[in-house]
Amino acid sequence: MWLRYNVWIPLYPLGILCEAYLVYQCIGLVSESGRLTVTLPNRLNVAFDFSTFLRMHLTAALIGGMTLMKHMGSQRTKALKKLAKLKQMEDIYHKEKDLINIRKKKESKKAK
């Protein structure tokens with residue numbers, strides 16, 4: 001469980017940065033070539049500039065990535081608090097069990 005809530009810390013920023021780098025590199029290529037860009041006039045009377053779309057995607061990916069990482073951080077904190085509480089309860093259980101075993105040994109010695 002610990003691994004599940006900690007592996008994302010280096011992986012998410014790395015993934016976001018890699019995606020941002022690739023999109024940034026593609027913006028220049030798409031602007032130069034005009035690939036996947038629809039200009040007016042056309043049958044649907046709609047214009048679409050793919051490089052502008054990539055700029056918007058880059059901005060959304062960075063903002064969304066930050067929001068996602070903030071949410072994952074709060075989920076991690078919540079889960080690790082539960083894990084610590086369960087560990088503490090488990091330790092208390094084992095201590096009580098040990099005390100019961102010690103009492104039983106003392107009682108069995110007294111009975112003999």
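Me: Is phenylalanine 53 buried, partly exposed or exposed?
Reply: In this predicted model, the relative accessibility of phenylalanine 53 is 36%. Buried means under 20% and exposed over 50%. Phenylalanine 53 therefore counts as partly exposed.

Me: What is the geometry of the aromatic pair that phenylalanine 48 and phenylalanine 53 form?
Reply: Phenylalanine 48, with a relative accessible area of 35%, is partly exposed. Its ring and that of phenylalanine 53 lie 6.0 Å apart, centre to centre, with 45° between the planes. Planes under 30 degrees apart count as stacked and over 60 as edge-to-face, so this pair is tilted.

Me: Which residues form one aromatic cluster?
Reply: Phenylalanine 48 and phenylalanine 53 form an aromatic pair. The cluster also takes in Phe50, and its members are Phe48, Phe50 and Phe53.

Me: How many aromatic pairs are there, and what is the geometry of the one that tryptophan 8 and tyrosine 12 form?
Reply: The count comes to four aromatic pairs. For tryptophan 8 and tyrosine 12, the centres are 6.0 Å apart and the planes 75° apart. An angle over 60 degrees counts as edge-to-face, so the pair is edge-to-face.

Me: What separates tryptophan 8 from tyrosine 12 along helix H1?
Reply: Tryptophan 8 is buried at 10% relative accessible area, whereas tyrosine 12 is partly exposed at 30%. The two are four residues apart in helix H1, and therefore their separation is about one helical turn.

Me: Which helix supplies the largest share of the nonpolar patch?
Reply: The surface patch includes Val7, Leu11 and Tyr12. Helix H1 (8-33) and helix H2 (50-111) each supply at least two of its residues. The largest share, three residues, comes from H1.

Technical notes: Residues are numbered from 1 along each chain as its sequence is written. This is a predicted model: local features need pLDDT of at least 70, side-chain atom pairs count only at pLDDT 80 or more; totals for chains, interfaces and linings use all residues. Side-chain values use heavy atoms; hydrogens and water are left out. Patches are made of residues with over 30% relative accessible area and no salt bridge: like charges are joined within 9 Å, nonpolar side chains (Val, Leu, Ile, Met, Phe, Trp, Tyr) within 5 Å. Accessible areas come from the Shrake-Rupley method with a 1.4 Å probe; for residues, only the protein chains shown count as cover. A salt bridge is a side-chain nitrogen of Lys or Arg within 4 Å of a carboxyl oxygen of Asp or Glu. Rings of Phe, Tyr and Trp (its six-membered ring) pair if their centres lie within 6.5 Å; planes under 30 degrees apart count as stacked, over 60 as edge-to-face and the rest as tilted. Buried means under 20% relative accessible area, exposed over 50%, partly exposed in between (1.4 Å probe, protein chains only).
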